[in-house]
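Dear colleague,

Please find below the structure that I am handing over to you, together with its sequence. My notes on what was found in it follow directly after.

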Amino acid sequence: ARSNTAAKAAGKLYFGSATDNPFLDEDATYKAILSDNTLFGQLSPENAMKWDATEPEQGVFTFTNGDVIVALAQANGQIMRGHNTVWGSQLPSWVSDSGFDNATLISVMQNHVSTVIGHYKGQIWDVVNEPFNDDGTLASNVFFETIGPTYIDLALQAASAADPNAKLYINDFNIEGEGAKATAMENLVTDLKSRGIPIDGIGLESHFILGEIPTTLQAQMEAFTALGVEVAVTELDIRMTLPETDALLAQQQTDYQTVVSACTAVADCVGVSALTLVICHLLRSTDKYSWVPSTFAGQGDADPWDENLEMKPAYDGIIAGF
Ligand code: XIL
């Protein structure tokens, strides 16, 4: 069975993957797997549309790498998730260390959001990325420190103005189960909707640890969709402490199934049109190109395809989950 075909049969919009340009250019086998729309119905750029990649110098926009991924998705009949426009990380120093005053940074941010989303129309977009700390307070970044909490409103409004048809998301991690951070996201979305600020969805990054899938995952997805937005699993990976064993791979299979089953079980969102399904998406897909080992010491093998680009037991878990 094929993951995107299975997702669609389960009534979901897609099963997708993030990807990055060097691997696409360098690895034909990888590219062929990624291009198979029975496996992946959606692509997302892991780095190519971030601020440091798209506006490395003020007012100088470079879309080359992102355009390569969009062209590939279009050739394969895959939809795109844009990632991301406003985030405290992967910022060029002309933004993060600028000392811009409030009015200037607002204009810089609005120009960035509208230019990038204006270039990449018709996508789902992570407009604001990782706005919260784990305790539910807003994370300190140049936008929050200079503009205050309204940077989120202004980013979403700029995105909506640039492309009224884009699906606008806020994306974060550690909001996949009940807790202070998830509650803070609920409160933010409630507040945005009450004030008429455009918001369509909440992205659950879902960087999980093997054996530690939140037991409240489905309940938390339902709490979010009850607010009248859709949810998406946006960057799913399930890392283990190395070395890999058959028992760990079996647990990982179960865990992938648990996550996909939660996605499958959560119905269309409340008060949103029929196309707004709960959607799944997968980070980079293969252990060959995972961000995990360089980020979490001693951990890895978090993805459904292995270093040889072969399907792992985790893949069977995905299929079983749909
Ligand atoms: C990561 C990429 O995978 C790395 O290649 C890059 O060096 C750093 O960013 N949350 C996100 C993603 O929203 O953009 C991050 O991606 C992983 C954590």
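In this predicted model, the shell of residues around the ligand consists of 1 nonpolar, 2 polar and 3 charged residues. Here Ala, Val, Leu, Ile, Met, Phe, Trp, Tyr, Cys and Pro count as nonpolar, Asp, Glu, Lys and Arg as charged, and the others, Gly among them, as polar. The residues surrounding the ligand are Glu46, Asn47, Asn129, Glu205, Glu235 and Trp291; a residue is near the ligand if its C-beta atom, placed from the backbone, lies within 6 Å of it.

Two conventions apply to these notes. Residues are numbered from 1 along each chain as its sequence is written. Local features need pLDDT of at least 70 and side-chain atom pairs count only at pLDDT 80 or more, while totals for chains, interfaces and linings use all residues.

Overall fold

The protein has 14 helices and 10 strands; helices (H or I, at least four residues) and strands (E, at least two) are DSSP runs, numbered from the N terminus. Its radius of gyration is 19 Å, close to the 20 Å that the globule rule gives for 322 residues, so the protein is as compact as a globular protein of that length. That radius is taken over C-alpha atoms, and the rule is 2.2 Å times the number of residues to the power 0.38. Along the principal axes, the C-alpha trace spans about 55 × 40 × 40 Å. Of the 322 residues, 47% count as buried. A residue is buried if 20 or more other C-beta atoms lie within 10 Å of its own, exposed if 12 or fewer, and partly exposed in between, with C-beta atoms placed from the backbone.

Strands

Strand E1 (residues 15–19) is largely enclosed by the rest of the structure, because 5 of its 5 residues are buried. Phe15, Ser17 and Thr19 lie on one side of E1, and Gly16 and Ala18 on the other. E1 pairs with strand E2 (residues 42–45) in the parallel sense over 4 bridges, and Thr19 stands opposite Pro45 in E2. Two strands pair if DSSP finds at least two bridges between them.

Strand E6 (residues 201–204) is also covered on both faces, with Gly201 and Gly203 buried on one side and Ile202 and Leu204 on the other. Which strands pair with E6? Strand E5 (residues 167–172) pairs with E6 in the parallel sense over 4 bridges, with Asp172 opposite Leu204. Strand E8 (residues 230–241) pairs with E6 in the parallel sense over 4 bridges, and Val231 in E8 is the bridge partner of Ile202.

Backbone details

Most residues other than glycine have a negative phi, and most peptide bonds are trans. A cis peptide bond joins His83 and Asn84, with omega about -15 degrees, and Asn84 is in strand E3 (residues 79–86). The bond from Leu242 to Pro243 is cis as well, with omega near 5 degrees. Gln90 has a positive phi near 50 degrees and is partly exposed, with 13 other C-beta atoms within 10 Å. Glu130 also has a positive phi, near 50 degrees, but counts as buried, with 21 C-beta neighbours inside 10 Å.

Yours sincerely
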